[in-house]
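The sequence and structure come first, and the notes follow by topic.

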Amino acid sequence: MNTFLIVFLITSPFLFTAAFAGISAAPWLPTKRGDREHMLSKLQINQGMKIIDLGSGDGSVLFALARQHKNATFIGYEISLLPLLVSVLRKYFGGYKNVSFKCQNLFRANLDGVDIVFVFLLDKSYPKLAKKFTAELSDSSRVIVEAWPIEAIEPKKVFKEKKRLPIFVYEGKAFRRK
Ligand SMILES: C[S@@+](CC[C@H](N)C(=O)[O-])C[C@H]1O[C@@H](n2cnc3c(N)ncnc32)[C@H](O)[C@@H]1O
């Protein structure tokens, strides 16, 4: 076996899953620390809550929350193998017992009993996501969307600050009010 073939066989799962993610919903672009802190400062997390990140990248958003909220559960859905590997290593070396990651297509995520959903994806994914939220989210759940609003759904709150990505907060029930 020549070197080129070995390199191809090792890297291709990473390249193909990254390409699939980019086409499907968004490439890996981590939320910047300042944007993350701004977004997380607007949230109220209670004991026992279940919080998921659809397209969790390297897990930074979930780890930042998990450090402050030991009694909540955090689940990241990620299909691209490189960021998934980084997040799994961070979980084990950081000892985050309340954070887990699933190597799964975010459009097939289990939203049962979820209290907060994070979305930092390209807006091309919104129509499919909105259908999923309509069918699966409870009325009281919240969807936190970074960067672009979900058209046709009324946000409960919008946070816009200079030099920060805008944050849109939707209630689960808003998806059934269209
Ligand atoms: C813009 S990044 C956001 C990462 C992270 N949520 C953050 O804020 O730092 C979007 C992530 O979604 C992942 N992704 C895109 N399509 C996906 C799919 N169909 N299923 C699971 N993950 C996906 C990408 O691999 C990427 O890591």
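A residue counts as buried when its relative accessible area is under 20%, as exposed when that area is over 50%, and as partly exposed in between. By that cut-off, Ser60, Val61, Leu62, Phe63, Ala64, Leu65 and Ala66 of helix α3 are buried. The model is predicted.

**Overall fold**

- The chain holds 5 helices and 7 strands, and from the N terminus on the elements run α-α-β-α-β-α-β-β-α-β-β-β.
- Its radius of gyration is 17 Å, which agrees with the value near 16 Å that a compact globule of 178 residues would have.
- The C-alpha trace spans about 60 × 35 × 35 Å along its principal axes.
- Of the 178 residues in the chain, 45% are buried.
- Taking contacts between residues at least 6 apart in sequence, 67% join residues at least 24 apart.

**Helix α3 and its surroundings**

- Helix α3 covers residues 60-68.
- Because 7 of the 9 residues of α3 are buried, the helix is largely enclosed by the rest of the structure.

**Packing of α2 on α3**

- Helix α2 (residues 33-41) packs against α3 at an angle of about 50 degrees, and the two axes are 11 Å apart.
- That angle makes α2 oblique to α3, and their crossing is right-handed.
- On the α2 side the contact involves Arg36, Met39 and Leu40, which meet Ser60, Val61, Ala64 and Leu65 in α3.
- By class, the residues of the contact of α2 with α3 are 5 nonpolar, 1 polar and 1 charged.

**Packing of α1 on α4**

- Helix α1 (residues 3-24) and helix α4 (residues 81-94) have axes that come within 7 Å and cross at roughly 105 degrees.
- Angles of 65 to 115 degrees count as roughly perpendicular, and α1 and α4 are therefore roughly perpendicular to each other.
- Pro13, Phe14 and Thr17 of α1 make the contact with Leu81, Leu82 and Leu85 of α4.
- The contact of α1 with α4 has 5 nonpolar residues, 1 polar residue and no charged residues.

How values were computed: Residues are numbered from 1 along each chain as its sequence is written. This is a predicted model: local features need pLDDT of at least 70, side-chain atom pairs count only at pLDDT 80 or more; totals for chains, interfaces and linings use all residues. Side-chain values use heavy atoms; hydrogens and water are left out. Axes are lines fitted to C-alpha atoms, for helices over the stretch in contact, and angles run from 0 to 180 degrees between N-to-C directions. Helices (H or I, at least four residues) and strands (E, at least two) are DSSP runs, numbered from the N terminus. Angles under 35 degrees count as roughly parallel, over 145 as roughly antiparallel, 65 to 115 as roughly perpendicular and the rest as oblique. A crossing is left-handed if the near helix is turned anticlockwise from the far one by less than a right angle, and right-handed if clockwise. Contact means heavy atoms within 4.5 Å. Ala, Val, Leu, Ile, Met, Phe, Trp, Tyr, Cys and Pro count as nonpolar, Asp, Glu, Lys and Arg as charged, and the others, Gly among them, as polar. The radius of gyration is taken over C-alpha atoms; the globule rule is 2.2 Å times the number of residues to the power 0.38. Buried means under 20% relative accessible area, exposed over 50%, partly exposed in between (1.4 Å probe, protein chains only).
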